[in-house]
Amino acid sequence: MAVMRDNIFRTALAGMVVMAAMAAACTDGKKGGKEEPAMEKHQQQMSETYVDTMVLHQTEFNRQIVCNGRLRARAKSELNFKVQGIVSELLVKEGQHIAKGDLIATLDKTDRQRDLEKAEHDLEKAKVELTDKLIGLGYNDVGEVPADVMKRAEVMSGYYSAKFQLQSARNALEECNLYAPFAGRVADLEARRYQKNDKVCTLIDDTSFEVELMILEAELPSVRVGQVVNVTPFVLDSLCCEGRVTEINPQVDDKGLVKVKARLSGKDTLPLLDGMNVRVVVENRMQNMFVVPKDAVVERDGYHVIFRLEEGRAVWTYVDVLHSNIGSYAITGCQRKETTIKEGNIVITSGNLNLADGTEVVINAN
């Protein structure tokens with residue numbers, strides 16, 4: 001009897017194990033049925049190539065020549081005294097803005113003042129000699145003396161020479177004062193009081209600027225007087241000033257470069273300085289060009305290539321780059337590969353680095 005009960009218990013236990021296993025299998029099957037499509041969908045998304053596109057149209061292209069240049073102030077002059085002497089007064093500071101005619105510095109005037117007093121005394125003495133000469137010639141009234149006679153008397157009496165010496169002494173005294181020839185800002189102040197100085201300072205008119213740049217001989221046909229340039233200081237890359245070409249030097253130097261000058265329009269309060277290094281972009285507007293971003297063009301086998309979008313696939317297309325600027329290319333069909341592009345072509349502009357001809361692509365929803 002006990003044996004029979006033991007067999008029945010074992011049979012029931014085995015049945016329970018089988019049923020539990022079957023239930024677990026059914027549960028796993030249901031889970032797998034739900035997760036498997038989601039996994040496949042994720043893998044499919046990972047394998048798809050997403051791209052951005054643009055429609056190709058003929059438009060205006062800004063051909064750009066990019067080069068380095070240097071700013072030059074409207075006027076700049078090194079100031080010094082015309083005569084030698086010791087500086088007695090210095091009335092300006094470096095960086096100070098002064099008006100035209102302002103006194104900048106003076107020399108010690110002791111010797112020049114003495115020379116002036118002597119010249120005035122010599123002139124008075126010469127006047128007496130002149131009067132004696134005229135009386136000796138029989139002229140008591142100066143107004144009656146003929147012009148030729150008066151001229152000879154002035155020379156013979158030393159009056160003519162004395163007048164000249166007096167004027168020279170006055171000029172020498174005035175040259176002890178240094179005045180500003182134009183309004184501007186004081187720079188490179190070298191003068192010191194109680195010293196002899198060959199140079200006093202530099203005066204810079206920074207109300208407007210021009211830029212000097214050097215272009216390649218091959219680029220010369222693309223530059224003309226009146227052409228627009230954009231100037232950006234290296235230390236202020238957020239600042240862009242517009243100007244126009246004013247001069248083109250008709251000579252090529254030994255490095256194959258041509259000097260060009262352009263005048264900036266409206267300095268106002270812009271923080272520009274004489275001698276500042278700048279990047280200059282010379283623009284030349286060209287019409288009826290197929291223009292694409294630089295990212296749309298890749299290199300394959302030594303050729304430039306774009307990918308056109310046709311029926312959801314990338315189509316490998318060789319092109320020639322006619323012109324370039326900072327961010328764009330002007331392109332046309334490749335002459336050597338005999339390929340063409342046309343108005344309305346859809347060009348892939350991103351995600352093209354690893355594309356091959358015929359790759360299926362998906363356009364970004366953005």
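**View 1. The largest pocket holds about 160 Å³ of space.** This is a predicted model. Eleven residues line the largest pocket. Those closest to its centre are R185, I204, D206, L273 and D274. Two strands, β8 (184–187) and β9, each supply at least two residues of the lining. What classes of residue make up the lining of the largest pocket? Seven are nonpolar and four are charged. No polar residue takes part.

**View 2. E212 and R72 form a salt bridge.** The two side chains meet at 3.9 Å, N to O. The pair links distant parts of the chain. E212 sits in strand β9 (residues 201–216). R72 sits in strand β3 (residues 58–79).

**View 3. R308 and E310 meet in a salt bridge.** The distance is 2.3 Å, N to O. R308 has 14% relative accessibility. Buried means under 20%, so R308 counts as buried. E310 is partly exposed, with a relative accessible area of 39%.

**View 4. A salt bridge joins a loop residue, E360, to a strand residue, R313.** The side chains of E360 and R313 come to 2.8 Å, N to O. E360 lies in the loop between β18 (346–348) and β19 (361–363). R313 belongs to strand β16 (residues 313–324). The pair therefore ties together parts that are 47 residues apart in sequence. E360 has 53% relative accessibility. Exposed means over 50%, so E360 counts as exposed. R313 is partly exposed, with a relative accessible area of 38%. Elsewhere, salt bridges that share partners join E60, E283 and R285 into one network. How many salt bridges does the model have? The count comes to 15.

**View 5. Three strands form an open sheet.** The order is β4-β6-β7, and the pairing is antiparallel. Which strands lie at the edges? They are β4 (87–90) and β7 (177–179), and each pairs on one side only. From one strand to the next, the twist averages 20°. β4 pairs with strand β6 (residues 103–107) over three bridges. That pairing is antiparallel.

**View 6. Strand β12 pairs with both β9 and β11.** β12 covers residues 257–264. Seven bridges join β9 to β12. The two strands run antiparallel. I215 stands opposite V258 in β12. Strand β11 (residues 241–248) is joined to β12 by five bridges. These strands also run antiparallel. Which residue is the bridge partner of R244 in β12? It is R263.

**View 7. T340 lies in the loop between β17 (328–333) and β18.** Is T340 buried or exposed? Its relative accessibility is 64%. The cut-off for exposed is over 50%, so T340 counts as exposed. Now look for Y318. T340 and Y318 are 22 residues apart in sequence. In space they are 8.2 Å apart, C-alpha to C-alpha.

**View 8. D188 and D301 have positive phi values.** Most residues other than glycine have a negative phi. Phi of D188 is near 50°. D188 lies in the loop between β8 and β9. D188 is partly exposed, with a relative accessible area of 43%. D301 has a phi of about 55°, although it is not a glycine. Where does D301 lie? D301 is in the loop between β14 (298–300) and β15 (303–310). At 66% relative accessibility, D301 counts as exposed.

Key. Residues are numbered from 1 along each chain as its sequence is written. This is a predicted model: local features need pLDDT of at least 70, side-chain atom pairs count only at pLDDT 80 or more; totals for chains, interfaces and linings use all residues. Side-chain values use heavy atoms; hydrogens and water are left out. A salt bridge is a side-chain nitrogen of Lys or Arg within 4 Å of a carboxyl oxygen of Asp or Glu. Helices (H or I, at least four residues) and strands (E, at least two) are DSSP runs, numbered from the N terminus. Buried means under 20% relative accessible area, exposed over 50%, partly exposed in between (1.4 Å probe, protein chains only). On a 1 Å grid over the protein atoms alone, a cavity is a set of points where a 1.4 Å probe fits but cannot get out, and a pocket is an open set with protein on both sides within 12 Å along at least five of seven lines; lining residues have an atom within 4 Å of a point. Grid points are joined across faces, edges and corners, and a volume is the space filled by probe spheres set on the points. Ala, Val, Leu, Ile, Met, Phe, Trp, Tyr, Cys and Pro count as nonpolar, Asp, Glu, Lys and Arg as charged, and the others, Gly among them, as polar. Two strands pair if DSSP finds at least two bridges between them. Axes are lines fitted to C-alpha atoms, for helices over the stretch in contact, and angles run from 0 to 180 degrees between N-to-C directions.
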